[in-house]
Amino acid sequence: MKLLVTGFDPFGGESTNPALEAVKQLPDEISGAEIIKLEIPTVFNKSKEVVQEAMIKHQPDVVVNVGQAGGRFSVTPERVAINVDDARIPDNEGNQPIDEVIQEDGQAAYFTQLPVKAMVASMKEAGLPGAVSNTAGTFVCNHIMYQVQYLIDKEFPNVKGGFIHVPFIPSQVIDKPNQPSMSLKDIVRSLEKSLEAIVLFDNKKDIRVIGGETH
């Protein structure tokens, strides 16, 4: 089994992106599955091209994109991606699409094929906080999650895909009062436990436990 795991390059002048750094620190094998690591640009459309090339080259069974969501308290697997780009700020190449459809012939939304609740349970069993997220935003993170799902729908029907958001690391919140953070070590461990669950639940249904939101 092959898992292609991607992390975005540093965004907005930051010297590092915890998502990418955590991906780099993942082991090369988890629960018998090969882990293929890939850096992708924080750029609309170009990110999709890089992932698509890697999918053709490596023929993975699963694609997991990892990005950062500042303000979150835990690592959060995403449930759904929506067919819209609505960028509050520009990407790393200055692109700022507003209310644009990602794929004209794509679905309004795509749900992940990953066992998000089992992934959260795996993190919690290891003593790490985790939660299912029901919004990937409308920036490059949602964009790449949607694009991968679109590729699965149109070109790679035997592949599974999904997205995981990670919080700030402590060095990023020094000048951000009241913002939560998580150590890079714990982020890496959370990703490991999430990927373990993906391998374990291959060809199995996700667990049925409470994980919804009231608003």
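Colleague: Which residue stands opposite Gly 67 in β8?

Modeller: That is His 165. This is a predicted model, where local features need pLDDT of at least 70, side-chain atom pairs count only at pLDDT 80 or more, and totals for chains, interfaces and linings use all residues. Residues are numbered from 1 along each chain as its sequence is written, and side-chain values use heavy atoms, with hydrogens and water left out.

Colleague: What makes β4 and β8 a pair?

Modeller: Two strands pair if DSSP finds at least two bridges between them. Strand β4 (residues 62-68) and β8 share seven bridges, in the parallel sense, so they pair by that rule. A strand here is a DSSP run of E, at least two residues, numbered from the N terminus.

Colleague: Why is His 165 called buried?

Modeller: Buried means under 20% relative accessible area, exposed over 50%, partly exposed in between (1.4 Å probe, protein chains only). His 165 has 3% relative accessibility, so it counts as buried.

Colleague: And why is Glu 78 called buried?

Modeller: The relative accessible area of Glu 78 is 0%, so this residue is buried too.

Colleague: What makes the link between Glu 78 and Ser 133 a polar contact?

Modeller: A polar contact is a pair of N or O atoms within 3.5 Å; within protein, one must be able to donate a hydrogen and the other to accept it, and residues adjacent in sequence count only if both atoms are side-chain atoms. The side chains of Glu 78 and Ser 133 make such a contact at 2.8 Å.

How values were computed: Helix = DSSP H or I, 4+ residues; strand = E, 2+ residues; numbered from the N terminus.
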